[in-house]
Amino acid sequence: MASAQDTSHLDQEKQHAARAAVQWVRDGMLVGLGTGSTAAHFITQLGEKVRAGELRIQGTATSLASENLARQVGIPLVEPRRGLRFDLTVDGADELDPQLNLIKGGGGALLREKIIATASDYMLVVADSSKAVAQLGKFPLPLEVVPFALPWVLDAVADLGGNPVLRINRQDPSKQAHSDQGNLLVDCHFGQLNDVEKLAGQLIVIPGIVEHGLFLGIAKAALVVRHDQIEVIRP
Ligand code: 5RP
């Protein structure tokens, strides 16, 4: 488990990555707003520029938490509609490999995050140094699952070797965690993922799995901060 010192050090890296990502935003852009602590730093810092009149942008959030934060910091929001495309989406990741394949969904927002990232011309990942790995799989792979389908999804994931664990609500451990859509979240421990494409294909055809947290070929660049150095990774 990370010590408090590690956590604050990683939080500084997250803030640094978020600050750098704000430089990628241009006046007039439509911006996808990610979810999680790194994305929250980005939204907060972007809001400062908007309130100062330095940037006129609009955004759509990938979760209710990010939507509330965006409102608080003064970012004008647009609702989903046909034809809506984002110039840039900035979001965090739980893990990213050198090809920019990602595991996402640690914050439970993987479905909306994938919808917005896929509706974007450019997805930029912001991450602290702990997220960059040689191979995905240490972080358990999140799934969003329709509640009725849960027992069969657990069986199917176990058959694939994924050791599925139903996510518990952190605020109230007597309850299950739910996504913003009211679905359940299941964390799957596959170990090192040797064939991410194959696994993604196997998971998405299981009835009741609404989405999995593998983002393959979606991110175009990542800003990874190690101490005070920024590394720009492109696939
Ligand atoms: C939420 C996500 C987040 O991007 C991911 O969990 C990283 O979060 P953080 O920036 O707090 O480390 O996928 O569903």
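Q: Two strands pair if DSSP finds at least two bridges between them. In this predicted model, how many bridges join strand 5 (residues 102–103) to strand 11?

A: Strand 5 and strand 11 are joined by 2 bridges. The definition asks for at least two, and therefore the two strands count as a pair. They run antiparallel, and one of the bridges has Leu102 with Phe215 of strand 11 as its partner.

Q: What is the order of the strands in the open sheet of 3 strands?

A: The order is 4-5-11, and the pairing is antiparallel. Strand 4 (95–96) and strand 11 each have a single partner strand, so they stand at the edges and one side of each has no neighbour in the sheet.

Q: Which way do strand 6 and strand 12 (residues 221–226) run, parallel or antiparallel?

A: Strand 6 and strand 12 run parallel and are joined by 5 bridges. Within strand 12, Ala222 stands opposite Val125. Strand 3 (residues 88–91) also runs parallel to strand 6, with 3 bridges between them; there, Thr89 has Met123 as its bridge partner.

Q: Why does Glu113 count as buried?

A: The cut-off for a buried residue is 20 or more other C-beta atoms within 10 Å. Glu113 has 31 such neighbours, and therefore it counts as buried. Glu113 lies in helix 4, and apart from residues up to four places away in sequence, it touches Gly34, Thr35, Thr62, Asp91 and Lys104. An unreviewed UniProt entry annotates Glu113 as "active site".

Q: Why are the buried residues of helix 5 said to line one face of the helix?

A: The buried residues in helix 5 (residues 150–159) are Val153, Leu154 and Val157. Seen down the helix axis, they fall within an arc of 100 degrees, so they line one face. The face turned away from them carries the exposed residues Pro151, Asp155, Ala158 and Asp159. Strand 7 (141–145) and strand 9 (184–188) are among the elements that cover the buried residues.

Q: Why can one speak of one face in helix 6 as well?

A: In helix 6 (residues 196–204), Val196, Leu199 and Leu203 are buried. Their arc is 60 degrees, so these residues line one face of the helix. Residues three or four places apart in an α-helix point the same way, because there are 3.6 residues a turn. Glu197, Lys198 and Gly201 are exposed on the face turned away. The cover over the buried residues includes strand 7, strand 10 and strand 11.

Q: How many residues surround the ligand, and which are the closest?

A: The ligand is surrounded by 18 residues, and the closest are Gly36, Thr38, Gly92, Gly106 and Gly107. Helix 2 (37–51) and helix 4 (110–118) each give two or more residues to this shell, with the largest share, 3 residues, coming from helix 2.

Q: What kinds of residue make up the shell around the ligand?

A: The shell divides into 10 polar, 4 nonpolar and 4 charged residues.

How values were computed:
Residues numbered from 1 in each chain as written. Predicted model: local features only at pLDDT ≥ 70, side-chain atom pairs only at ≥ 80, totals over all residues. Near = placed C-beta within 6 Å. Helix = DSSP H or I, 4+ residues; strand = E, 2+ residues; numbered from the N terminus. Nonpolar A, V, L, I, M, F, W, Y, C, P; charged D, E, K, R; others polar. Buried ≥ 20, exposed ≤ 12 C-beta atoms within 10 Å, placed from the backbone. Arc of directions from axis to C-beta. Contact = placed C-beta atoms within 7 Å. UniProt positions renumbered as here; feature names shortened; annotations may be inferred.
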